[in-house]
Amino acid sequence: MAIVESGGVESEGPESEGVQSSLRIVAADAVLAETHLGDLVDLLRDGVAGGASIGWVRVPDRAEAEAWWAGIVGAVTTGACTLLLALDGVRVVGTVQVHPSPKENQRHRGDIAKLLVHSTTRGRGIGLALMAAAEAVARDQGLSLLTLDTRAGDPSEHFYLFIGWSVLV
């Protein structure tokens, strides 16, 4: 299923009501991402173990997860991806990615990918804060059309609909 945000990219920023003040949303460069590699691996494995619709059939082992994150760090380095981290103190508790289209005739569009919030920190508004930050990044990059994929009927679909995204059929 593809979902596109209704009305274009229009968020107020990463602040969300109910998010604890120790939470920070930051755009990670390669060094910051590598510094938090252990947290990122744990976050990916936690999400897959919890049934997140993020493209994994089984929980990756640590080496597989590290290799996957190395690919994301490479994309961050080349500018093909903006990696946002939700930091609670020094621990990564959530992440989302913004991928601008590489196609010359589609410079206005991008994809949101791999929204993950650790199972121990859900219900605190972290997903809302990450999505608001991702939309702000997209807006700053001149992206006016965002898409993402999720599984029909999945809790993530309900979340995206709740925050104003629309289903495309």
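Student: Start with R62. What's its relative accessibility?
Tutor: R62 sits at 36% relative accessibility, so it counts as partly exposed. Keep in mind that this is a predicted model.

Student: Which side chain does R62 meet in a salt bridge?
Tutor: D42. The N to O distance is 2.7 Å.

Student: Where do R62 and D42 lie?
Tutor: R62 is in helix α3, residues 62–78, and D42 is in helix α2, residues 37–49.

Student: How many salt bridges in total?
Tutor: The count is five.

Student: Give me another. What does R124 pair with?
Tutor: R124 forms a salt bridge with D88. Their closest N and O atoms are 3.1 Å apart. This pair links distant parts of the chain, 36 residues apart. R124 is in the loop between β5 (109–117) and α4 (126–140), while D88 belongs to strand β3, residues 82–88.

Student: Is R124 buried or exposed?
Tutor: Buried, at 18% relative accessibility. The cut-off for buried is under 20%. D88 has 23% and is partly exposed.

Student: Which residue does R151 bridge to?
Tutor: D154, with 2.7 Å from N to O. R151 is partly exposed at 40%. D154 is buried, at 10% relative accessibility.

Student: New topic: the strands. How many residues of β5 are buried?
Tutor: Seven of its nine, so β5 is mostly covered, given that buried means under 20% relative accessible area.

Student: In which sense does β5 pair with β4?
Tutor: Antiparallel, over six bridges. Strand β4 covers residues 91–100. As for a specific contact, V98 has I112 in β5 as its bridge partner.

Student: And in which sense with β6?
Tutor: Parallel, over three bridges. Strand β6 is residues 145–149. There, R109 stands opposite L145.

Student: What do β5, α4 and β6 make together?
Tutor: A right-handed β-α-β unit.

Student: Back to the loop between β5 and α4. Which residue there is in a salt bridge?
Tutor: R124, the residue that pairs with D88 in β3.

Terms used: Residues numbered from 1 in each chain as written. Predicted model: local features only at pLDDT ≥ 70, side-chain atom pairs only at ≥ 80, totals over all residues. Heavy atoms only, no water. Salt bridge = Lys/Arg side-chain N within 4 Å of Asp/Glu carboxyl O. Helix = DSSP H or I, 4+ residues; strand = E, 2+ residues; numbered from the N terminus. Buried < 20%, exposed > 50% of the residue type's maximum accessible area, 1.4 Å probe, protein only. Pairing = 2+ DSSP bridges. Right-handed = clockwise from strand over helix to strand, strands pointing away.
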